[in-house]
Amino acid sequence: MLDPKFIRENLDFVREKLAKKRFTVDLDGFINLDLQRRNVVGEADVLKNRRNTVSREIAEIKKAKGNADSLIAEMKTVSDKIQELDGTLRGIETQIDEVLLNIPNLPHDSVPFGKTENDNVVLATFGEKRKFDFPVLDHVELIEKHEIIDLKRGAKVTGSGFPIYKGDGARLQRALISFFLDQNVNVYGFTEISPPLLVNADSARGTGQLPDKEAQMYETKMEGFFLIPTSEVPLVNLFRDEILEEKKLPVYVTGYTPCFRREAGSYGKEVKGITRIHQFDKVELVKICKPEDSYTEFDDLVENVTETLVLLEMPFRQLHICTGDMGVTQTKTIDMEVWSPSQEKWLEVSSISNCESFQARRANIRFRRNETGKVEFVHTLNGSGLALPRIIIALLENFQQKDGSILLPKALQKYFGKEKIGN
RNA sequence: GGAGGUGUAGUCUAACGGUAAGGCAGCAGUCUUGAAAACUGCCGGGUAAUACCCUUGAAGGUUCGAAUCCUUUCACCUCCGCCA
């Protein structure tokens, strides 16, 4: 959510930034509603002041056993008018909230201008693509060969896109989760959190899943809870409606959770194997910090994820997402992509974003600045560290040997308990 | 799931239906070589504001006026039932 006051005072700037994100919003309608709101509040405040003053007078008169009937009669009409104005105000505020909740965040000045994903900018590429002297198997062939992921039975038990990890597949999953969490906690200084996998609507709204991405989430029938599409949702909402102490900032939290996504409308695209599935595991990183620190925190976060990827010894690249391809909540996003030799394509395994105060405003997460004593919104950042299925795809494909076995990178071997899958 | 009880600001604790009082913690400052103590200010939110408005878990209702009375709901505690 943007600051209504900022919109009011920087109308052209906001309009221009939104256009870069290929978004048109009825800002004039908003300005008009905002003006109405302030008028009604002003009118109601005058009457409330009158009511508060006279109520005290009535109390005095009653105490002195006097007659306050005429004042009480006057207050009756004043109260009725206040009630009417408050009703009007509620209506206006509902409309304003609806507009505000649907205005996306503004892109940061450093973000490259572009219209589609083709305009994203490659910032850096790491590692060498391996030359294979034998026919490369794709990940689907490899998981079948080693019987480590069972897609058919997953489809039977639940549905398509709910894979079953088995034997070394399940073990690899567990090894990756431990490796990522240890890296985040021991090396980068994050606190490990194991959050609920279901959240309420207030939380979903706080991080921006509602109203924009409701169709992407699974919802429980009786309670109206949502299965989390990413642990970013519970991790950021840990601090919803709180005022944090300045000295507690920045907050670094990391968590492993399964993630659930309906992926409505994406059928036919990337349906093969485990590239795009309804339930997948992910380790997430979240930072809560002061506004002036968020871009250095962002750079550090990118560095952390990069370092983890380097340890996996696979070719990967950093991609600066352009204005037109960015999501709703972010001001700046850098994606990490690993190389798939079978598809000869880069696969997104991490997305690192600064949301500035957009989520903080929705979720009402603030801190008190000691210097001024004032309360301000924090900035929130998040990044995957990392998403598992595509890491598994890349590991299987990049580390396959001529005999079909998978020789794992050194960093993973101790977590996995052995050097390779197969033979 | 059933019965009962409790929710006041970061925390503890007041307020016959008359408009949220205090303590502690915290922050800033004075004093001090430094710290502690003491003293001063701030210390729920909005606002440029010491004006004014809003705030007693949340949402409604009764009333001129609600922390207080009523209804619904949420969280926590105790007991019973069920259960990994």
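Two strands are taken as paired if DSSP finds at least two bridges between them, strands being DSSP runs (E, at least two residues) and helices likewise (H or I, at least four), numbered from the N terminus. The model is predicted, so that local features need pLDDT of at least 70 and side-chain atom pairs count only at pLDDT 80 or more, whereas totals for chains, interfaces and linings use all residues. Residues are numbered from 1 along each chain as its sequence is written, and side-chain values use heavy atoms, with hydrogens and water left out.

Strands β7, β13 and β14 form an open sheet in the order β7-β13-β14, with mixed pairing. Because β7 (242–245) and β14 (375–377) each have a single partner strand, they stand at the edges, and one side of each is left without a neighbour in the sheet. Strand β7 runs parallel to β13 (residues 365–368), to which four bridges join it. Within β13, arginine 368 stands opposite glutamate 245.

The whole structure contains 25 salt bridges (a side-chain nitrogen of Lys or Arg within 4 Å of a carboxyl oxygen of Asp or Glu). In one of them, the closest N and O atoms of aspartate 28 and arginine 15 are 3.6 Å apart. Aspartate 28 belongs to helix α3 (residues 27–63) and arginine 15 to helix α2 (residues 11–20), so the pair ties together parts 13 residues apart in sequence. A further salt bridge links glutamate 263 with arginine 276, at 3.1 Å between the closest N and O atoms. Glutamate 263 is buried at 9% relative accessibility, and arginine 276 is partly exposed at 27% (buried, under 20% relative accessible area; exposed, over 50%; partly exposed, in between; 1.4 Å probe, protein chains only).

Key
Chains are lettered from A and ligands numbered from 1 in the order in which they are written.
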